[in-house]
Amino acid sequence: MTVQEIDQRIRSRLVIKYNPRSFIVFLLLFPACAWMAFFYITPIAMLVYNSLAEDGLSILSKTVANPVYRSVFATTLEIGAASTLGCLLLGYPVAYALTVSRGALRGILLIIVGLPYWLDYVVRSFSWMVLLGQRGLINNFLLYIGVIDKPIQIMYTFLSVCIGMVQILLPIMILTLFAAMLRIDRRLMTAAAIHGAPPWKAFRTVFFPLSLPGVYAASLLVFISSLGFYITSALLGSPKESMISQSITLLAATLLKWSDASALSLVLLAITMAIVIVYDRVFSIDDLWGGKDA
Amino acid sequence: MHKTSHSFALGTSVALILAYLIFPIIVVVGISFNATTALRFPPNGWSLRWYEQLFSSSEWTGSFLISLQVGTLTMILSVLIGVPAAFALSRYKPPGRKLINALLLSALIAPPVVRALSTYLFYVPLGLNNTIIGLAIAHSVGGIPFVVINTVAGLRSFDTTLERAAIIHGAHPFIAVITITLKVIFPSIMVGAIFAFMQSLQELLISIFVLGTLGSPLAVKMWEGVRVGVDPTIAAASSMLVVLAAVVFGIVALAKLATDARGSARAGAGE
């Protein structure tokens with residue numbers, strides 16, 4: 001093989017390989033991928049690596065075996081599940097109303113649903129502290145109508161944490177459900193009505209089953225988000241309602257126990273990732289971005 | 001009859017749920033105008049004293065400045081990095097698209113405390129802790145997905161014949177994208193940018209870890225304030241933020257509405 005032949009080969013390969021289109025795609029995508037890889041994935045990967053490199057899996061098993069941490073994880077999952085259920089019960093009717101409404105009414109409903117997003121999380125919890133306290137609006141109202149004869153304890157309980165969390169997570173639930181419900185062909189409901197089904201029956205046997213994939217998707221999304229909550233449980237709950245993010249912050253920032261904090265972060269991350277993977281297997285992450293054509 | 005009773009039940013429950021949703025906003029705005037120190041709702045008298053206190057306190061204005069710097073930098077970084085990626089994802093359908101989508105989505109739902117802890121430890125050797133740019137970089141990870149989502153949505157409704165027309169008439173494709181496409185989808189990019197700014201403004205844990213001694217952005221200042229004791233100044237500060245956000249968002253929504261109307265008018269004329 002002569003030098004010219006080799007040169008020829010390389011050239012022909014280059015011609016095949018070099019495609020201006022894929023070069024443009026590379027240029028456009030490279031900053032985002034590199035940025036996320038360096039400032040988001042690498043720190044987490046290093047956290048995982050460091051806490052595993054120190055003493056292997058023993059730190060993890062020690063963490064999981066610790067009864068204090070286990071109960072905190074159990075509390076976190078409980079609060080997450082209760083808040084998700086609350087969001088679903090309150091979010092479904094609103095999402096359905098959004099689906100059947102149109103024009104200006106839908107616009108107004110969407111604005112109201114989106115409005116709370118602009119209020120800081122700390123301040124939202126703060127407003128519940130004012131409302132749910134011993135001499136707050138709720139207790140005063142209940143005293144006034146005579147349901148109770150002395151103030152009841154709402155603040156610093158499981159209930160107050162859930163009230164605060166549902167308020168924050170509800171918009172995510174509503175908007176995800178709404179996006180899913182919009183894809184349901186509503187002519188099916190009309191068909192059911194024509195064939196004599198009363199509205200409630202048409203809803204129960206046609207619309208509701210078709211909305212279930214959206215229900216699962218939205219619930220998992222809300223549940224995952226709820227696991228990382230910190231502010232709400234810290235301000236509205238008692239030490240009994242301590243969530244895992246509070247423990248991690250306490251260990252790292254106050255007690256300076258970095259390896260324990262890292263190990264707990266690892267477990268939290270593992271739970272979150274496991275749910276995301278199941279989510280993707282069952283529903284496909286692409287659906288969240290507005291379908292396959294996104 | 002049957003049908004109306006159903007709609008009535010639905011309407012009532014939806015109204016109650018929406019009331020629950022926006023109740024905290026009403027309470028906070030109410031408290032911010034309260035005349036006394038007591039955190040009472042409904043307030044027992046009206047005054048502007050908490051707003052006066054807010055603007056005359058150098059601590060609050062300092063926090064506001066830090067938040068503004070971090071938020072603006074976050075917004076700029078997110079747009080510069082997110083918009084090109086959105087173009088690639090929506091126009092070229094590159095391989096590995098699913099992985100990139102998963103990466104962006106995961107950044108939105110990753111537990112904040114894990115990100116805070118890992119970013120802090122990662123920043124120690126880099127010397128990025130206690131810097132504004134360090135915090136803005138960490139926040140941009142959460143801002144980029146918002147910019148990508150909104151820009152992809154804008155590009156999907158964009159009529160590509162406009163861009164092609166410009167190219168046919170001799171414009172360089174790059175110039176056509178800058179002068180036509182970016183201009184038309186600008187409101188969508190702005191919506192993404194505002195979300196990026198807002199998530200930076202509200203983010204607490206990364207701010208606490210990364211910005212330890214340099215100063216407190218608003219979220220941290222409010223957090224410390226609520227923990228220490230009762231202070232309606234916090235309510236005043238957050239009411240200001242709500243109004244600010246509502247105004248900016250209203251302007252963007254109107255701009256978007258105007259572009260959409262133009263788009264549909266054009267589509268109508270074409271039919």
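Two residues are in contact here if their C-beta atoms, placed from the backbone, lie within 7 Å. The model is predicted, and by this criterion the contact between its two chains takes 65 residues from chain B and 67 residues from chain A.

On the side of chain B that touches chain A, at least two residues each come from α1 (2–32), α3 (58–92), α4 (97–109), α5, α6, α9 (186–202), α11 (218–228) and α12 of chain B. The largest share, 16 residues, is supplied by α1(B). By residue class, this side of chain B divides into 53 nonpolar, 10 polar and two charged residues.

For the complex, the predictor gives an ipTM of 0.88 and a pTM of 0.88. Chain B has an average pLDDT of 86, and 93% of the residues score at least 70. Among the elements of chain B, α5(B) has the highest mean pLDDT (95), while helix α12 (residues 232–270) has the lowest (72). Where pLDDT is low, the predicted coordinates should not be read in detail.

| Residue | Phi | Loop between | C-beta atoms within 10 Å |
|---|---|---|---|
| A:L256 | about 55° | α12 (244–254) and α13 (258–283) of chain A | 9 other C-beta atoms |

A:L256 counts as exposed because it has 9 other C-beta atoms within 10 Å, and the cut-off for exposed is 12 or fewer.

Notes:
Residues are numbered from 1 along each chain as its sequence is written. Chains are lettered from A and ligands numbered from 1 in the order in which they are written. This is a predicted model: local features need pLDDT of at least 70, side-chain atom pairs count only at pLDDT 80 or more; totals for chains, interfaces and linings use all residues. Helices (H or I, at least four residues) and strands (E, at least two) are DSSP runs, numbered from the N terminus. A residue is buried if 20 or more other C-beta atoms lie within 10 Å of its own, exposed if 12 or fewer, and partly exposed in between; C-beta atoms are placed from the backbone. pLDDT is the predictor's confidence in each residue, from 0 to 100. Ala, Val, Leu, Ile, Met, Phe, Trp, Tyr, Cys and Pro count as nonpolar, Asp, Glu, Lys and Arg as charged, and the others, Gly among them, as polar.
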